[in-house]
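Visitor: I would like to learn how to read a structure like this one. Please take me through it feature by feature.

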Amino acid sequence: MMKELSLKLPPHIAYDEVELKKFISSETGYEENRIDYLIRKRSIDARRKQIVINVTVDVFIDEKAPSLIPEQREYQDVSNRPVVLIVGAGPAGLFAALRAVELGFKPIVFERGKDVRERRRDLAAINKHDIVNPESNYCFGEGGAGTYSDGKLYTRSKKRGDIMRILEILVAHGARENILYEAHPHIGTNKLPPLVAELRNSILKAGGEIHFNTRVTDFIIDNERMRGVVTASGKSYEGIGVVLATGHSARDIFSILNNKGVDIEFKPFALGVRIEHEQTLIDSMQYNAKDRGEYLPPAAYSIKTQVDLKTGRYGVFSFCMCPGGFIVPSATAPGEQVVNGMSPSRRDGRYANSGMVVTVSDHDLDAYKEFGALKGMMFQAEVEKKAFESGGNTQKAPAQRMIDFVNKKTTASLKDTSYQPGLVSADLRDYLPEFVAESLRKGFLNFKRKMPSYFTNNAQLIGVESRTSSPVRIPRDKESLEHVRIRAFYPCGEGAGYAGGIMSAAMDGERCVEKLIESYGSK
């Protein structure tokens, strides 16, 4: 017999298996040795003084609860099947490849960077020696930018695909089963690399191909039909079509498409800084307690506001908040300075960090009109170059304390930081566009009124957070997902402007390859 219970519990019961079973026994009236349970959903409600954990469980009486862990899928051999070409081995590319295998087609994936293990050497080089490998870094390489990140797995794109299907595939390849029921699941930067490697192994075992250190330098287009790609070695590959899953930082790909006359367009994005607080401050602010205790996870936050400038109304908002995490250098070429954030699975670091960014719209880029669809990309690049110069022409990040920035005051001494290359005291207005700097200043004053403890000179604004999303959109048909003019060409994921994280990118990759095979697989 099975029955469902919806419970409101204190943290010490909700997060302790032994105590939770005792509570369920008391609630149902059955002895502990007669029951088993399965958590279906768990979320934190911190709106009251007394924090409540909402837990939905299936209770099984006199029988064992089924396992949440799905069986490893058995993928068919596609080594001699028609070919689907996929550019990029991030979440969109890897899940597109797996879905192609399931549908009986052979994926050939081209990844400009290295495999997930080899990437680590290049990450160490940028952190310790200021050496940026333009092909292998925090953005490029197997798993994409999401591999070395917080690994957030929640998304608002619920109508774009099967969320549970993606989560189950991740669990089958090594993710913890709690991602199937936590309200805001994440994996963590230390757990993602082996999981990505397992996804790769499934593709290769089925007869698919993944070519690392292989940059696509051209596209084969015949009579407005995408036939294939050309790599940096000069080798050509053809297939039934191409899924483009490059990620938001593939500037060379955007330029190639633009130069070939393939329709692309400017897409609004956001730019700003990364802000770092002590995690204990965020915990006390969000949980209304000096100490979150041993059961509650490190607290996250999400804040936003609107500010008015003479040039218009701007959104200021937190982005990719990483509890207990650290800030990393995310440049993809020498001579630029970019930061991002990540967290390990335990989120047990001393600091919390988050992007704090301002919307950038078409009307903000009049000075870049000559670049057409690439004007946002060129704007990004110029700000990143100025930030690099402001940091002393190294990967050290220009930084300023929050209240000093608001008061337009130079920071005399900076605090310790999680950012490994180090910080340089600088006026952020040296490199931030005026409308971004002023929007941030007003935004922080608005946040001060809402959350006084958030506004502190112990918080530091670091580097430039410029890669929040792609500055271009590659237009596609809403129904077929095919490019509006080039047949058999399916732009997908973050780079094409249709996703914003691991989950939405993975679902978009699946949908695009399904549409490609549906339209061209029988031909």
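Visitor: Which strand holds S354?

Guide: Strands (E, at least two residues) and helices (H or I, at least four residues) are DSSP runs numbered from the N terminus. S354 is found in strand β16, residues 351-360. This is a predicted model, in which local features need pLDDT of at least 70 and side-chain atom pairs count only at pLDDT 80 or more, while totals for chains, interfaces and linings use all residues. Residues are numbered from 1 along each chain as its sequence is written, and side-chain values use heavy atoms, with hydrogens and water left out.

Visitor: Is S354 buried or exposed?

Guide: Buried means under 20% relative accessible area, exposed over 50%, and partly exposed in between, with a 1.4 Å probe and protein chains only. S354 has 0% relative accessibility and therefore counts as buried.

Visitor: What does the side chain of S354 reach, and which residues is S354 in contact with?

Guide: A polar contact is a pair of N or O atoms within 3.5 Å; within protein, one must be able to donate a hydrogen and the other to accept it, and residues adjacent in sequence count only if both atoms are side-chain atoms. Here the S354 side chain reaches the backbone oxygen of F319 at 3.4 Å. Contact in general means heavy atoms within 4.5 Å. Leaving aside neighbours within four places in sequence, the contacts of S354 include V273, R274, I275, Y301 and F319.

Visitor: How many bridges join β14 to β16?

Guide: Two strands pair if DSSP finds at least two bridges between them. Six bridges join β14 to β16, and the two run antiparallel. In this pairing C322 has N353 of β16 as its bridge partner.

Visitor: What other strands pair with β14?

Guide: Strand β13 (residues 304-309) is joined to β14 by six bridges, again antiparallel. V307 stands opposite Y314 of β14, and the two strands form a hairpin with two residues between them. Strand β15 (residues 339-342) pairs with β14 in the antiparallel sense over four bridges, with P329 opposite V339 of β15.

Visitor: Which residues of helix α8 are buried?

Guide: An α-helix has 3.6 residues a turn, so residues three or four places apart point the same way. In α8 (residues 279-287) the buried residues are Q279, I282, D283, M285 and Y287. They pack against β2, β12 (269-278), β14 and β16. After α8 comes N288, whose phi is positive, near 55°.

Visitor: β2 has come up. What is the strand order in the sheet of three strands?

Guide: The order in this open sheet is β1-β3-β2, with antiparallel pairing. β1 (2-9) and β2 (35-45) are at the edges with a single partner strand each, so one side of each has no neighbour in the sheet. Neighbouring strands are turned by 20° against each other on average, direction ignored. Such angles run from 0 to 180 degrees between N-to-C directions, and axes are lines fitted to C-alpha atoms, for helices over the stretch in contact. β2 pairs with β3 (residues 52-61) in the antiparallel sense over 10 bridges, and S43 stands opposite N54 in β3. Helix α2 (residues 17-28) lies across β1, β2 and β3, running at about 115° to β1.

Visitor: How does one describe a pair of packed helices?

Guide: Two packed helices are described by the angle between their axes and the distance between the axes. For α7 (residues 251-259) and α9 (residues 375-390), the angle is about 145° and the axes are 11 Å apart. The contact is made by R251, F254 and S255 of α7 with M377, Q380, A381 and E384 of α9.

Visitor: What is the strand order in the open sheet of five strands?

Guide: The order is β6-β5-β4-β10-β21, with parallel pairing. The edge strands, β6 (209-211) and β21 (489-491), each pair on one side only. The twist averages 15° from one strand to the next. Three bridges join β5 (residues 106-110) to β6, and F110 has H211 of β6 as its bridge partner.

Visitor: F110 is one of the residues that T231 touches. Is T231 buried or exposed?

Guide: T231 is found in strand β8, residues 225-231. T231 has 3% relative accessibility and therefore counts as buried.
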